[in-house]
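Biologist: I am new to this structure and would like to learn how to read it. Please show it first, and then we can go through its features.

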Amino acid sequence: MTRTVIHGGAVFDGIARGSRPATVVLEDGLIADVLDDGSVPAADVTIDASGGTVLPGLTNAHVHLSFMYMTGDVSKVLTRGDADLYAHAFRVSKVLLAQGITLARDMAGPRGIHLAVRDIINDGRLLGPTVIACGSPLVASGRHAWSVCMEADGPDEMIAAVRQQFKEGADFIKLMASDDPVVAPDGTHTLPGFSAEEVAAAYAEVRRHGALACCHVMGEEAIRTVLDNGADIIDHGHYLTDELARRMAADGVYLTPTISSYDVQTTHPRFDRGQVWADRHTPLIPPHKSAVRAAIDAGVKMLVGTDTVGCFAEEVALLREAGMDPHDSLLACTRWPAEAFRMADRHGTIAPGLRADIAIVDGDPLADPYALEQVRQVIKGGEIYESAQLVADERRLSKNIWELALSPKSADAG
Ligand SMILES: [Zn+2]
């Protein structure tokens, strides 16, 4: 038996309100105990977390292992070869782990590369968070991001496409339920991607497989259509109305807003997307922020996801700026995603019997969300990694993606 004891820090366990001083005991890859009596049992490894906070391993609910943190023209991603994208995904996986992320949901990549990388990580041959992944998202012919998706038109093709994705190894299904970033002439909507009949057919088939029904969606009509047909998690959510937000809360539908990606970083010069890109995305910012506020007011449970260029801590900070309680904003990157993914029996809280997935950060992320960028150690399945060591090589490379993974604030300081 191998025992690790973490003492001296504040523990945010994702169960009790806030954090408290406690000792966390890990044994053989699982959480064995949380001690509130101040005792520090003998152990093979003892970690002094003084001045820091001990959290459940973090979850990034919207990643793209094969192309996140890439700079320049997005459409060029597909012209890169498989080896190039694999190499990139391997680096991203390690960088995510270094950020304290022990669970990630991959929302698409070209040619199934992300599925293969998921298997390599989950099989224990590559450092990275535990990954769940969709295959190719389903998209109506020629619509949003069709070149990284599987095109399907009409209910029969939707059913066939869902079956094909499961055959290829998808854990869940993602629909491109609306366009992006096309703002319709009236300025209030984006265009739905599928008819109600198509969404209904696809999601009914997803349920038959017992899997999660997910989607990229923005615009009132498209959001209403996916909610009508049983979406479990919706991502982005621009133009979410108060009425639809209340419905999401009542139905237990989660929202991954990805505001850091859409509202801040996608137009940041360091990602080099150009002026045309900035002009197309900037109008989406105000409706996105009001959608997030509507979701918070309605009590929708939200998930922290950074998408291609967002910053994890900044996403948490933006949720707080929009009115989310700091405690809830930490649940949004720990307990809630584990619940949303139906993995709460293994992930998301610090409780006996769950996987020994832990992030130890400097300072107090309840007081300052950017403490989440000060990761000391990340523990996955009981294995302890020093964050600085994981990224030491990245920092030496000229294409330093670690720098792009952090908010400009921390990247400049580091
Ligand atoms: Zn995405």
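**Cysteines, core and zinc site**

Modeller: The structure holds zero disulfides, a disulfide being a pair of cysteine sulfur atoms within 2.5 Å. This is a predicted model, in which local features need pLDDT of at least 70 and side-chain atom pairs count only at pLDDT 80 or more, while totals for chains, interfaces and linings use all residues. Residues are numbered from 1 along each chain as its sequence is written, and side-chain values use heavy atoms, with hydrogens and water left out.

Biologist: Is Cys214 buried or exposed?

Modeller: Buried means under 20% relative accessible area, exposed over 50%, and partly exposed in between, using a 1.4 Å probe and protein chains only. Cys214 has a relative accessible area of 0% and is buried. Cys311 is buried too, at 0%. Of the 414 residues of the chain, 59% count as buried.

Biologist: How do I read a nonpolar core?

Modeller: In soluble globular proteins, nonpolar side chains tend to be buried together. A nonpolar core is a set of buried Ala, Val, Leu, Ile, Met, Phe, Trp, Tyr and Cys residues joined through side-chain atoms within 4.5 Å. Here the largest has 111 residues, and Leu175, Ile234 and Phe341 have the most contacts inside it. Helix α1 gives the most to this core, with seven residues. At least three residues of this core come from each of domain 1 (3-56 + 348-388) and domain 2 (58-340), with bounds from an automatic or database domain assignment.

Biologist: Which residues is Leu175 in contact with?

Modeller: Contact means heavy atoms within 4.5 Å. Leaving aside neighbours within four places in sequence, the partners of Leu175 include Leu138, Met158, Phe194, Cys214 and Cys215. A second, separate core of 17 residues includes Val34, Ile47, Ala49 and Val54.

Biologist: Which protein atoms are donors of the zinc ion?

Modeller: Donors are N, O and S atoms within 2.8 Å of the metal (3.2 Å for Na, K and Ca); water is not among the atoms, so sites may look incomplete. The zinc ion has His62 (NE2), His64 (NE2) and Asp307 (OD) as protein donors, 2.0 to 2.3 Å from it. Along the chain, their spacing is H-x1-H-x242-D. His64, in the loop between β8 (58-63) and α1 (82-98), and Asp307, in the loop between α9 (285-298) and α10 (312-321), are 243 residues apart, linking distant parts of the chain. Both are buried: His64 has a relative accessible area of 5%, and Asp307 has 8%.

Biologist: How many residues of α10 are buried?

Modeller: Helices (H or I, at least four residues) and strands (E, at least two) are DSSP runs, numbered from the N terminus. In α10, nine of its ten residues are buried, among them Phe312, Val316 and Leu319. The buried residues of α10 pack against β8, β9 (101-106), α7 (259-264), α9 and α11 (326-331). Just after α10, Gly323 takes a positive phi of about 115 degrees.

Biologist: How many helices and strands are in the chain?

Modeller: The chain has 15 helices and 19 strands.
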